[in-house]
Amino acid sequence: MEGKVYDSPFIHLFQTVSGTYFYDVNKDKCVSVPREIYEYLEKGNDELEPEEKPEYIRQLEEDGFLKIKRVERIKHSKSEILPYHLKNKIRHLILQVTQNCNLRCEYCVYSGDYQNRTHSRKKMSFDVAKKAMDYYLSHSRDNNSLSMGFYGGEPCLNFELVKKCVEYFEEKAEGRTTAYNMTTNATLLSEDIIDYIVKHDFSLMISLDGPREVHDKHRKLAFSEEGSFDRVMKKVEYLKERYPEYCRSHVSFNCVLDTENDFEIIDHFIKSSPLISDMKIRSSVIDTRNTDKSYGLNEKFLEEMNYERFKIQLELLGELPTCSGSRLLSGYKSSLTKALERADGAGSLELPDEWHHGGPCMPGAMRLFVNAEGIFYPCERVNEENCMLQIGNVEEGIDVQKAEHILNFDEKRKDICRNCWAFRRCSQCVSYFEGDDVSSAEKRENHCKITRKSVEEDMKDVCVLQALKCNYLVTLNA
């Protein structure tokens, strides 16, 4: 609560195979300490006078560690510049060209098991698309390049609109460079559509979950038990035969991981399939936000995934050749590399009086998502049924006050957030917001537990790697 006086250092204790540590929130650094100091901090001897404290602790305090300060006010550092960006620097426009799809993937947010979206026959009209593009063009004048994405449902169901949008966009771009992207299940990629997206340099994301038995488990044709794997692979084969260079530079695959499956089977398919073994892969675990549906965890999946994570760690230590680990975990490798770079940085002196956790981006400025009816949202990941997340429309433009409110959406939870040790490294954004009722609050707390666990695991990995390299961690002698 406002004005509270804190007694305890703002730290988080943890242990790894390489030793005992604490994460100092004010300094934003992990510190290796002897076990006796770790146990001293664990007991919380806050009532001791300075002269009663161990010399090691006094040295830490002199070096700026173990401060008790918390943020006093929750406010995003970009709140002041948000209006300018919304007026002049909107970066990326995403058009929901249809809410319909020819598949019914069980874990899709449109499947009917999620509260935020359902399949419908709604299609975006060119009138709505034109107004959305005009708004974007007039509110991105500081950008030398323009970027537009096409989203569904399955955007190929309304590809005539996609073509109209590209032609209009090219005409109105005023000499600025343009880039396009589309996410598709690939089953409707006709020869004409493929020729068009290649001609216009689309970045193409294709959904593919693994070999037939894995992919077809969830990705079925609408109103049928027939899987879509064979259709997808047929389209990929044609695409690669006709445009091999385009595939290598512009096509990537999105693999949604069901933790009930066998990780190694999926990984082997990605490595061995001649059609995709040399192409970019990204992966994510099934998203259970906005649904009560849950998926089990296969212990073998976890073991195999952790083994691949270990191989990536050995890569970073130079003990294995580059790309020895699973390409399904390229995101983990990237985040671990960034975490190592961050850990090797100078850190900070202390938390400012006014700050916000690390997750939110500038709503509408980074990604402006326009649904089929012309309503504006911060991005395509949010709950479309939540009125709070509607930041405007094609007729009235963006409501800057609503956008700023979303940027600081956790102000109501300030006493929880500012006392959370993972505050600086929290990745949650407004897409995690499901409402203000008790049930939503419970779900949010569960998200927070998962986030804290993830942050801690990343810290542990970094600390072990640093200990093995012997020259990165902050260490202090007694």
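Reply: We begin with burial: a residue counts as buried when its relative accessible area is under 20%, and as exposed when that area is over 50%. The model shown here is predicted. Phe14 has a relative accessible area of 2%, so Phe14 is buried.

Me: How many aromatic pairs are there?

Reply: Two rings pair if their centres lie within 6.5 Å. The count comes to 14 aromatic pairs. In one of them, the ring centres of Phe14 and Tyr21 are 5.5 Å apart and the planes stand at 10°, so this pair is stacked. Tyr21 is also a buried residue, because its relative accessibility is 1%.

Me: Is the pair of Phe263 and Phe301 stacked or edge-to-face?

Reply: Planes over 60 degrees apart count as edge-to-face. For Phe263 and Phe301 the angle between the planes is 85°, with 5.5 Å from centre to centre, and the pair is edge-to-face. This pair links distant parts of the chain, since Phe263 belongs to helix H10 (residues 263-272) and Phe301 to helix H11, 38 residues apart. Phe263 is buried, with a relative accessible area of 1%. Phe301 counts as buried as well, at 1% relative accessibility.

Me: Which residues do ring pairs link into a cluster?

Reply: Tyr136, Phe150, Phe169, Tyr180 and Phe202 are linked into a cluster by ring pairs.

Me: How does one read the packing of two helices, and at what angle do H10 and H11 pack?

Reply: One takes the angle between the helix axes and the distance separating them. For H10 and H11 the angle is about 50° and the axes are 8 Å apart. H10 is therefore oblique to H11. On the H10 side the contact is made by Phe263, Glu264, Asp267 and Lys271, and on the H11 side by Phe301, Glu304, Met305, Glu308 and Lys311. Sorted by class, this contact of H10 with H11 holds three nonpolar, no polar and six charged residues.

Me: Which residues of H11 and H12 make their contact?

Reply: Let us take the geometry before the residues. Helix H11 (residues 299-316) packs with helix H12 (residues 330-343) at an angle of about 45°, and their axes are 10 Å apart. That angle makes H11 oblique to H12. The crossing of these two helices, H11 and H12, is right-handed. H11 contributes Arg309, Ile312, Gln313, Glu315 and Leu316 to the contact, while H12 contributes Tyr332, Lys333, Leu336, Thr337 and Leu340. The residues of the contact of H11 with H12 comprise five nonpolar, two polar and three charged.

Me: Why do H4 and H5 count as roughly parallel?

Reply: Angles under 35 degrees count as roughly parallel. Helix H4 (residues 126-138) and helix H5 (residues 159-172) pack at about 30°, with axes 10 Å apart. H4 and H5 are therefore roughly parallel to each other. Their crossing, that of H4 and H5, is right-handed. Phe126, Ala129, Lys130, Met133, Asp134, Tyr136 and Leu137 of H4 meet Leu161, Lys164, Cys165, Tyr168, Phe169 and Lys172 of H5. In this contact of H4 with H5 there are nine nonpolar, no polar and four charged residues.

Me: What should I look for in the backbone itself?

Reply: Most residues other than glycine have a negative phi, and most peptide bonds are trans. Leu66 has a positive phi, near 70°, in a residue other than glycine. Leu66 lies in the loop between helix H2 (55-62) and strand E4 (73-74), and its relative accessible area of 8% means that Leu66 is buried. Asp201 also has a positive phi, near 55°. Asp201 is placed in the loop between helix H6 (191-199) and strand E8 (203-207), and at 46% relative accessibility Asp201 counts as partly exposed.

Me: Which residues does a cis peptide bond join?

Reply: Gly152 and Gly153 are joined by a cis peptide bond, with omega at about 15°. Gly153 is found in the loop between strand E6 (145-151) and H5.

Me: Which residues is Val455 in contact with, leaving aside its neighbours within four places in sequence?

Reply: Contact means heavy atoms within 4.5 Å. With those neighbours within four places left aside, Val455 is in contact with Trp421, Ala422 and Arg425. Val455 is located in helix H15 (residues 438-469), and Val455 counts as buried at 8% relative accessibility.

How values were computed. Residues numbered from 1 in each chain as written. Predicted model: local features only at pLDDT ≥ 70, side-chain atom pairs only at ≥ 80, totals over all residues. Heavy atoms only, no water. Axes fitted to C-alpha atoms, helices over the stretch in contact; angles between N-to-C directions. Helix = DSSP H or I, 4+ residues; strand = E, 2+ residues; numbered from the N terminus. Parallel < 35°, antiparallel > 145°, perpendicular 65-115°, else oblique. Left-handed = near helix turned anticlockwise from the far one by under 90°. Nonpolar A, V, L, I, M, F, W, Y, C, P; charged D, E, K, R; others polar. Phe/Tyr/Trp six-rings, centres within 6.5 Å; stacked < 30°, edge-to-face > 60°. Buried < 20%, exposed > 50% of the residue type's maximum accessible area, 1.4 Å probe, protein only.
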